Amino acid sequence: MKRYPLQTLLQLRAHRTEAARRVVLDRQRALQQCQDACQRIEGEIDDLRTSRAQHRARLLDPPPAGVPWPAALSQRELYIELIGEQIFGAQARLAKAQDAVREAEQALQAARDAFFRAKAREDALEKRRDVWRGEQRGLQARQEEATAEDLMQARHLARR
């Protein structure tokens, strides 16, 4: 059977589709990394809040021996404030990480759209190739039928 005239274009489209698929996979990995970062920061915030609640609960515990009450209380309050500042910083990092997740989701969607466009183009060309092959098979079958008919006529004429 004849080679499809646009076989090179079909190979190029397959290559582009594969490249688009790899981009989608890369974007999915990037999105997963951003989501993992958000989860780590959320866990860090939860740990800090738990620590702050525990320190607040122990705020009025008696100070260690030899440490005056005002100094111990002041130190504990400062540490609770420090934890609060750490929570605030972690919340800011979380907001940035969530922005990165949104950007990664948009990049993934754009990559998916590009993949589906490339796949649609490849599929359309493959469909056209299949139609062309069907036409070639039909043409070959008609030629074989014509040859068989010619042979039958020649045999019939040779008998006379």
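Student: Why is glutamate 135 called partly exposed?

Tutor: In this predicted model, glutamate 135 has a relative accessibility of 42%. Buried means under 20% relative accessible area, exposed means over 50%, and partly exposed lies in between, with a 1.4 Å probe and protein chains only. The value of 42% therefore makes glutamate 135 partly exposed. This residue is placed in helix H2.

Student: What does threonine 17 contact, leaving aside its neighbours within four places in sequence?

Tutor: Contact means heavy atoms within 4.5 Å. With those neighbours set aside, threonine 17 is in contact with Phe115, Ala118, Lys119 and Glu122. Threonine 17 itself lies in helix H1, residues 7-57.

Student: What makes proline 64 exposed?

Tutor: The relative accessible area of proline 64 is 51%. Exposed means over 50%, so proline 64 is exposed. Its place is in the loop between H1 and helix H2 (69-159). The C-alpha atoms of proline 64 and alanine 146 are separated by 110 Å, the two residues being 82 apart along the chain.

Student: How many helices and strands does the chain have?

Tutor: The chain has two helices and zero strands. Helices (H or I, at least four residues) and strands (E, at least two) are DSSP runs, numbered from the N terminus.

Student: Why is the chain called more spread out than a compact globule?

Tutor: The radius of gyration is taken over C-alpha atoms, and the globule rule is 2.2 Å times the number of residues to the power 0.38. For 160 residues the rule gives 15 Å, whereas the radius of gyration of the chain is 37 Å, well over that value, so the chain is more spread out than a compact globule. The C-alpha trace spans about 135 × 20 × 15 Å along its principal axes.

Student: What share of the 160 residues is buried?

Tutor: Buried residues make up 22% of the 160 residues in the chain.

Student: On what basis are these values given?

Tutor: Residues are numbered from 1 along each chain as its sequence is written, and side-chain values use heavy atoms, with hydrogens and water left out. As the model is predicted, local features need pLDDT of at least 70 and side-chain atom pairs count only at pLDDT 80 or more, while totals for chains, interfaces and linings use all residues.
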